[in-house]
Each structure stands twice: as C-alpha cells, then as structure tokens.
Amino acid sequence: MDKADAAIIGGGAAGYFAAISCAENAPGSRVLILEKSPNLLTKVRISGGGRCNVCPACFDPQSLVTHYPRGAKALLGVFYKFQPKDTIEWFESRDVPLKTEPDGRVFPASNHSSSIVTALEDAARAAGVEVRTCLGEVSATKVEQGYQITSKNGASITARAVLIATGGCRAGDTPHPATQLGHTVSYPVPSLFSIALADEWPKRLSGVSVPCVTLSLPAHGISQSGPLLLTHTGISGPATLRLSAWAARVFSEMHYRCEIRADFIPHTGEHLLLEWIENNRQKQGGREVFNSPYPGIPSRLWKALAELAHIPPATRWCEISTSAVRALMSLAKSAPLQMVGKNANKDEFVTCGGVNLKEVDFRTMESKLAPGLYFAGEVLDLDGITGGYNFQAAWSTGWLAGKGMAQHIS
Ligand SMILES: Cc1cc2nc3c(=O)[nH]c(=O)nc-3n(C[C@H](O)[C@H](O)[C@H](O)COP(=O)(O)OP(=O)(O)OC[C@H]3O[C@@H](n4cnc5c(N)ncnc54)[C@H](O)[C@@H]3O)c2cc1C
C-alpha cells in the first residue's frame, strides 16, 4: 500500500500553494499532489490572457474582502494571515519580479504566466513535493488512520491528511469528492460573464465604451458600477462582470432573462442633468441635441439615447419638447436593457457555489466534520470579482491549509 503524510487532490493554484506550504512546514514528510488530468496549473497558464493577474494591489484585508460576493466574512481572518502583500513577497523572493498596472492589477513583470508556473513548480520541487498526473478523478474515504485515496485509473494511497483543491465544479459533476466525505456542496452557477441583450440599439454601438456606468437590478437591490463596453451581443466590461458576480444566483434563478437598468451618468443627479439641459436651451439653443452630448457620454451613445427618446435628428435645444427632455433624462439615468442570456468572458470566469463555508474552520482550513480533511481555493463557496481576487483567495487559503496540514501530520 502506497503511503503519504499529506495528499492534495488537484494540481491547480490552491493545490500547489498548499503542497509547498505543507512540505516547507513539515520537513521530511511525504506530500503528494494528485491531478486527474495530464496538465498542472492549467488555469494559471491561461489566466489573464496568458499574463496571469496574480493578485490585486489591495493591502487592507477589510477593503480586500469587499471584492468577494461570496466568502467575504470567512476570508477576512485568512487575509490577516496571508494577503496580497505576502503573495507579492512570496513570488518576488523566488525571483519573479511583479508589476502593478494603473488599475491595481498585479502581473509578472515578464508579462508571461510561465514565470508564475515555473516559480510554483520550482518551489514544489525544492520542498520535495511529489506530483502525479493523469490519474482520472481522485476521491477519498475516511479510514481509521486517515484517508484512503483512490483514483479512476486504479491508484490507491493512504494519507494522514487530505486537501481537496479541485477548483470550481459544474452542475452535474458527480460525485463530488467533498460530498463523499459528508460535506454539503451548494449548487454551482457561473459568475463573471458578459450579458446578451435582446435590444438591438446597444449592439449597433458595438465597440463603444463608457467610462462609468451603474448597472442595477432594482427589484433585488443589486447594483454595480464601472466601465461598460457595448458589444455585438450586448454588454461586457468591468461593470457587467461585477453585476454578473453579485447577481450570479439571481440571474441563474431567472434563467438569465430579466430587465437590467443602466445609469450612464451615475455621478450626476437628475436635478443637475435638468440644469444642464435648461442651460443648453437658454444659452446654446441653436445647437443640435444630437451633436451636444452630456460630458462623459460618448457621442454615439448620446445619439442612440436621443433616438430612443424619439427626438428628430436635427432638433435644436431651443426646440426640444418637455416630454422629450423627460424621455432623454430617463434613458440617460435608467435605460432598460433586456437580458436574454450570458456569454463566456474569455479573460476569467469562476464558479459561484461550492463547499459550505460553515463546515470549514477558516483558522486552519480544516473540515469541521472530518479531522485531517482540508479545503482550499475555488472548491469552496467563495469567489471574487476580476482583478486577481480569485487567485488571491487560492493562494491565501492554500497557504493556510498547507500550514494546517503540516501541523496535523507533524
Ligand atoms: C480563462 C480564465 C482566466 C482566469 N484568469 C484569472 C486571473 O487572471 N486572475 C485571477 O485571480 N483569477 C483568474 N481566473 C480564476 C482562477 O483561475 C481560479 O479562481 C483559480 O485557478 C482557482 O484555483 P484552484 O486551485 O482552486 O482551482 P483550479 O485552478 O481549477 O485547479 C483545480 C485542479 O484540480 C483538478 N481536479 C479537479 N477535480 C479533480 C479530481 N476529482 N481529482 C484530481 N484532480 C482534480 C483540475 O484538473 C485542476 O487542475 C481565471 C479563470 C479562467 C477560467
């Protein structure tokens, strides 16, 4: 019978970080990574368009957790122990210089995810971690001395501690290794997607980006702001991805068909907009409405809103009717958009759902139900928005789980 001290199921970001942390904290122990596929660290390789957005440059745990639609409370204590500052130090001390882009995303200075992959592989090798691939689905059962681990291709190992770091699951993926050990796994739905619209007018503006828009689902009290990109199928960009994350479950329950409201000038109240219109009427009466957009609204979008408000193209400000003013204001501040589906976001997508956080002790990442069983990464019911937050959760929970396992087996 093959025996290990600690076995890590899943060779992704969280699994690698946990394995390294465990092996470094329990020198001389046998730590195994067990990966079902032929490839390791696949998502790290493809992440951030091949550049890998390692973490966000957000160093205050209190504000860091506000970027996690699910898991914020549980992650707070974790981030006090290992946060982006530690991630940066971890990689830079292993000869991977990092750089912070103006929007706060941290990447390897090389602009290649291979720098991150190589650092993780080298650190695992140096710590004596053994790696096995092509195992098929790996699962574990509780036995007296720890866990019996079996793989689809027939491998059989016993280990005193086991970490499940199998990443986000998809609906219908059965059986989940965590449920086999008595844990509850909430129904997985996608997060971080762009939105397909029935409306034709935004699609005609494909390529137009708006610096700051607030998208909301008023009936559910959910709203998110940021840059918006109009695409040939609907809307994308940070505001859309954030809304998809915060409303992941709501969208799923509504089968991705509902009305979204867009405020194209969220920093301008209705009274200020009305003042601006009145000023145009009085002082710029000869100018055409179509050719004088509100500051910050791209001219193509402004024209589309004026058309939707049924304002004839050559209308001058002095000729605009009160009802047209009302319609234009309403569209600028709360344009209805009919969502009819979701589209994959090629840059990043994650799963909303996973192992119930109440069943895990976030001081060590150990299961509250089964001693010696640990969790890390996206397999848990936690996820962040784009910007490096998802890898940060994987590094932090992986690092902590590795320490916890080291203590358990020492
Ligand atoms: C296209 C794309 C780009 C992304 N870009 C970024 C980015 O730039 N920044 C960021 O922060 N986040 C990004 N993310 C999200 C990030 O990749 C994930 O949140 C992160 O990889 C989660 O790490 P993990 O180790 O928990 O899971 P994963 O990386 O998914 O690793 C899980 C591993 O477990 C293996 N596995 C699964 N089930 C079993 C089983 N039963 N037995 C054995 N092995 C198993 C899988 O094959 C996989 O190798 C991106 C995601 C995608 C899809």
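Two residues are taken to be in contact if their C-beta atoms, placed from the backbone, lie within 7 Å. On that basis, among contacts in the chain between residues at least 6 apart in sequence, 73% join residues at least 24 apart. The structure is a predicted model, and its chain is divided into two parts, domain 1 (2-189 + 347-409) and domain 2 (193-344).

**Overall build**
- The chain holds 13 helices and 20 strands, and its C-alpha trace spans about 85 × 40 × 35 Å along the principal axes.
- Of the 410 residues of the chain, 46% count as buried.

**The two domains**
- Between the C-alpha centres of domain 1 and domain 2 there is a distance of 40 Å, and the contact takes 6 residues from domain 1 and 9 residues from domain 2.
- On the side of domain 1 that touches domain 2, the residues divide by class into 5 nonpolar and 1 polar, with no charged residues.

**Surroundings of the ligand**
- There are 36 residues around the ligand, of which Gly10, Gly12, Ser47, Gly167 and Gly377 come nearest.
- Helix H1 (13-25), helix H2 (42-50) and helix H13 (389-409) are the elements that give two or more residues to this shell, and the largest share, 5 residues, comes from H2.
- Sorted by class, the shell around the ligand is made up of 15 nonpolar, 14 polar and 7 charged residues.

Technical notes
Residues numbered from 1 in each chain as written. Predicted model: local features only at pLDDT ≥ 70, side-chain atom pairs only at ≥ 80, totals over all residues. Helix = DSSP H or I, 4+ residues; strand = E, 2+ residues; numbered from the N terminus. Buried ≥ 20, exposed ≤ 12 C-beta atoms within 10 Å, placed from the backbone. Near = placed C-beta within 6 Å. Nonpolar A, V, L, I, M, F, W, Y, C, P; charged D, E, K, R; others polar. Domains from an automatic or database assignment.
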